[in-house]
Amino acid sequence: MKPITLSRRALCLALLAGLGLGMALFAACSSETVSGVTPTPTRTPRPPTPTPTLTPSPTPTPAWPVTAFVPQGLPVPVAGTLNTALAAHPDLFAPAPSAETADVQVMLRTNSNSDATLLAEWFYAVVAPFPTLTEEVTWTDIASSWSGTPAGPFAGRPLLMTADVAATLVAIMGDPAPGAVEVVPADQIVQRAWDTRPAWAVVLFDQLDPRWKVLRVDGVSILDKEMDTGAWPLVVRVGVTGLERGVAKIQEVMDTPTSNRDPAKMTVVVMTGVTALSRATAMRMDRHGVTYPAQDIHSWLTEADVTHISNEVSFAENCPPPSDYYTMVFCSDPTFVELLEYIDVDVVELTGNHLLDWGVEAMNLSLRMYDERSIPYFGGGWDLAQAQRPLALTHGVHTFGFIGCNPAGPPSDWATDDRPGAAPCDYDLLYTQIRQLRERSILPIVTLQYWEFGQYEPTPQQRAEFRALADAGAVIVSGSQAHQPQGFDFHAGAFIHYGLGNLFFDQMWSLETRQEFVDRHVFYDGRHISTEVLTAILEDYARPRPMTPEERETLLKATFASSGW
């Protein structure tokens, strides 16, 4: 049997347990070793491991919502869109009482905070009543009048504007001087300006009205689609800065950037008067080149998105060489179609009273030439049905319905069921067609080859018949017949020009037949917002050139007076 070995310490512990002796004996025994017994090393008790004290984790800040501050003085549509977007997402945004306490801050962006992310650009136009001779102001004129030191052509006249426009301009320009601004309700501002001429105003670009004349500022026109927006002084830029995720989310819900002047929503339509590529005009084209007539106004015609020409004379293969001889029987050399291509014509009006001067075959040839070149036409055609059919033409967000007719005749010029020609005027049909176009959200543009008058004033019958077309829903009513320009009218929301005068024709025998209008109509987001009347004077029996300021003033004074203005 294996011997049992006990330490002396173990024996003493046993005795102590049995006899109940005190701690003194235990101390004596603990220091001795029994002979022949190997002692076990004494172990120092390990101190208890302390329980670690954990530092409490801070309560995490929620990522959403972030606080946002929207100031006063923003353009009303921008503020409305922004506040609606924020209110629609209470899980993302909460209002802040001030910019200093907000996570993200909306602001009017200026040079001092140009690093703010752009949310919106809102453009303002400087305008005057349509029958105003002044063409331009400077930014100095505007700023000086605002500060109470009037300057420029409207010195001493208050700037008219609505309360909303005034609030925004005050936010960026400071308070105006007493009498510098007159606040007018939106539905009264146009009439107020007309009643207090000379007058000027500041209006939102997208709230322009054809009864306004849009003024250039420092030589820049806000109606120019290619305008350098950085050079336009009357623009309010709205920005946002602050917490990155909040800025990004505001951009997302706002669908930024937004603007009230988007060139993609603009369409420019140019309307012109009489074109007859014959007689002395044709001689100059033979002598100087087919494009000679358009060399001085080429940019006017090609800049437009839709360029209209009323070509009164048909092309004919057997057209004799032109001469200055005064004849009333017209034809054009087929090569002259190059002029229409040069000016990038988009639509040809065929209401002219000389279309069949050279016979049916010449008209047929002309129609084939237009068809081959994909040049659409209206107001005339292969037969009566086509001649009276509206032409729908789309550019961008706009679709136009061109309708034209010839009430003056001669009847031999009118299309029939089996012969080409111009459309005779069936006014009841016209009214129905105009209303139907409106119902389809198509903008009706109506042209007439009316009776010709050697005067600026429209006759009472002419005024009544053009106005009736406006009552039916026409957006523009344009007289294509006039060799002498005529006046203007605004009626039932339409712009009426009773006669534009010649474009490419040889009538050099009087100042009145040399004077010409080219009407530049601007549409924005489905609405006609402005008409700029360009003025030219005929040179060398063929070539219109832009008028001098003095020549332009003479024509405008005469036509404004004939309009009752």
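Keep in mind that this is a predicted model. Start by selecting Cys 405 and looking across to β22, where Leu 448 is its bridge partner. Now widen the selection to the two strands: β20 (residues 398-405) and β22 (residues 443-448) run parallel and share six bridges.

Now for the side chains. Pick Phe 402: beyond residues up to four places away in sequence, it touches Val 269, Met 271, Val 306, Val 347, Phe 378, Pro 390, Leu 391, Leu 393 and Ile 445. Phe 402 is among the residues with the most contacts inside the largest nonpolar core, a set of 128 residues; Phe 205, Leu 208 and Phe 504 are also on that list. Colour β4 (residues 117-129) too, as this strand gives the most to that core, with nine residues. Then select Ile 403, Ile 434, Val 446 and Phe 466, which belong to a second, separate core of 23 residues.

Last stop: Asp 413, in the loop between β20 and β21 (421-422). Is Asp 413 buried or exposed? Its relative accessibility is 2%, so it counts as buried. Show its surroundings and you'll find contacts including Thr 351, Gly 352, Asn 353, His 354, Asn 406 and Arg 419. His 354 is 59 residues away from Asp 413 along the chain, yet their C-alpha atoms are separated by 7.0 Å.

Definitions and conventions:
Residues are numbered from 1 along each chain as its sequence is written. This is a predicted model: local features need pLDDT of at least 70, side-chain atom pairs count only at pLDDT 80 or more; totals for chains, interfaces and linings use all residues. Side-chain values use heavy atoms; hydrogens and water are left out. Two strands pair if DSSP finds at least two bridges between them. Helices (H or I, at least four residues) and strands (E, at least two) are DSSP runs, numbered from the N terminus. A nonpolar core is a set of buried Ala, Val, Leu, Ile, Met, Phe, Trp, Tyr and Cys residues joined through side-chain atoms within 4.5 Å. Buried means under 20% relative accessible area, exposed over 50%, partly exposed in between (1.4 Å probe, protein chains only). Contact means heavy atoms within 4.5 Å.
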